[in-house]
Amino acid sequence: MSAPGPAVVTDALHRRFGDTVAVDALTLTVERGEVFGFLGPNGAGKTTSLKMLLGLIAPTAGSGSVLGRPLGDRAARAKLGFLPEHFRFHDWMTGREMLRFHGRLYGLSGRGLETRIDALLARVDLLDAAERRLAGYSKGMLQRIGLAQALLNDPELVFLDEPTSGLDPLGRLLVRDLIGELKAAGTAVFLNSHLLGEVEATCDRVVFLQAGRVRAERRLGEPSGTLALELTLGTTPPALLARLAAFGPVSVVAPGRIRVEVTGESAAPAIAREVVAAGVDLEAMALSRPTLEETFLAVLGDGARPG
Amino acid sequence: MSLRAVWTIAGATLHEALRRRILLAAVIFGAVFVLLFGFGFAAVRREIMQDGGTPLSLRPVMLNFFVMAGLYAVNFLTVLTAACLPVDTMSGEIASGVMQTVAAKPISRATIVLGKWLGHAIVLLGYLTLIAGGLLLVARVLGGVSPPNLHIGLPLLALEGLIMLTMSIALGTRLSTIANAVTCIGLYGLAFLGGWFEQVGTMLRTPGAGDVGVVASLVFPAESMWQLAAYHMQPVLARELHLTPFSVANVPSPLMVAWAIGYVLVCGALAVRWFSRRAL
């Protein structure tokens, strides 16, 4: 068993390559059993951060621990799973041989390993391709066999670096289900992604990374933060707008359509009463939570360019 | 370090050599090489053994000369194969990203280096055994010739191959595949040229040329292992009278063997150190 403590803790983790700072003072905590989304544009430092946690790259400064052990510790690595971004494996091996090779590197062997391999091949729907060489696998198949590889040791923490980037919708659904199963089994998942829909569907919590620093954090699936209440009105008299401003910032989206940013759902009936009391027709009203994409773009700011 | 993990990596290296037809190519060309030598040797032997041809006393020396020529080719093939076999095993897997999932496992980087070294060393020594063994068998069966001191000469050839193999793996942790190949071949060229300078310099009593050779042998001791092997595998008559190009004028000191073994160990240690610090 690994030592107690959160799944991941980092304190001002820093890595530079020459003059380029890839990760700058990364401080974060991932709890045991948590599905954690690590978001950011290309080049934000997500993969470098993940590689430091796996011991593949040494930090230039700062410290951290994984499963209660120092970064790169071998005992901790025995309880980690990892699917790298470009999912490149020895392509002269068959799917089964690749899983056997990686299983042995985890210290597994014999009947236990073979049973585990069969179960994982079935889970990622590759049993019929198990005896084929990886060189003949499609991108999606490689990613699925890579996922199986990351789960060989029944890990306590799994790092997935863009796990769905090569997958078709069915493959994505499989990954989403797998993450759900891991969560149910109490396995922590550290998910690097910029596919916000995927993250929104699977993660408990996300942080946004930009230029090597954490810019924002958001807990998903809990009623918190700002909600947008959009109203379609017969008229928009200034006096009504002034009164609605008491509930939160008001903006006119289009003629006859206004948006009020409120802090909770309970504001909706009160706002409706104000509109009716002012003698204005309330034609439609909708409450919405800003999407992850809206938050993402707001965090990046107007100056953001594609990475 | 877990020996089981070392063997897992070595096993995968052997498996790769088999799967990617490296072993097949080695066996086919090794067999062709031995066959070609057999035909040539048989023809030469007929010529030498004809009445009125080569004097009786010189016949064994002449036959040994042709066996030495064959062994010289074995030496050359072994060194080049040792450079090529592992030339992209580190750099290629680092560049492609294959190394990431391997190095993230609960094994040390030293385990990966040692496993790869062991796997490639087994392939190389198998190859050397095949071509040297085949050649010596042909020489014995067809000509009744067997060079002396094979128990000294053949291990020296193996050591020469291991020097190159270890260097190729070590440099592969830092250089790209092509840069590694160019450096390894360049080092061998340096030692090769230095070796000849040393011999010619000694024969002509030109101390400067001899020094160049000694320095080259210290920088890369592969060629001097061949010279020492060649010295031991020739009949006394041939080597003392300098009857063939393989007669060594300046015999490398036994200390050179210790230097070469130390060289392999230092290259191996450097490979581990460099790879352990490498960002993957």
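User: Across which strands does helix H9 of chain A lie?

Analyst: In this predicted model, local features need pLDDT of at least 70, side-chain atom pairs count only at pLDDT 80 or more, and totals for chains, interfaces and linings use all residues. Residues are numbered from 1 along each chain as its sequence is written, while chains are lettered from A and ligands numbered from 1 in the order in which they are written. Helices (H or I, at least four residues) and strands (E, at least two) are DSSP runs, numbered from the N terminus. Contact requires C-beta atoms, placed from the backbone, within 7 Å. Angles run from 0 to 180 degrees between N-to-C directions of axes fitted to C-alpha atoms, for helices over the stretch in contact. Here, helix H9 (residues 267–277) of chain A lies across S11, S13 and S14 of chain A, at about 160 degrees to S14(A).

User: In what order do the 4 strands of the open sheet of chain A run?

Analyst: Two strands pair if DSSP finds at least two bridges between them. The order is S12-S13-S11-S14 (chain A), with antiparallel pairing. Strands S12 (250–254) and S14 (282–288) of chain A are the edges, each pairing on one side only. Between S11 (residues 227–233) and S13 (residues 257–262) of chain A there are 6 bridges; Leu231(A) has Ile258(A) as its bridge partner in S13(A).

User: How many residues from each chain take part in the contact between chain A and chain B?

Analyst: Chain B contributes 20 residues and chain A 21 residues. On the side of chain B that touches chain A, helix H1 (3–19) and helix H5 (98–103) of chain B are the elements giving two or more residues.

Terms used:
Two residues are in contact if their C-beta atoms, placed from the backbone, lie within 7 Å.
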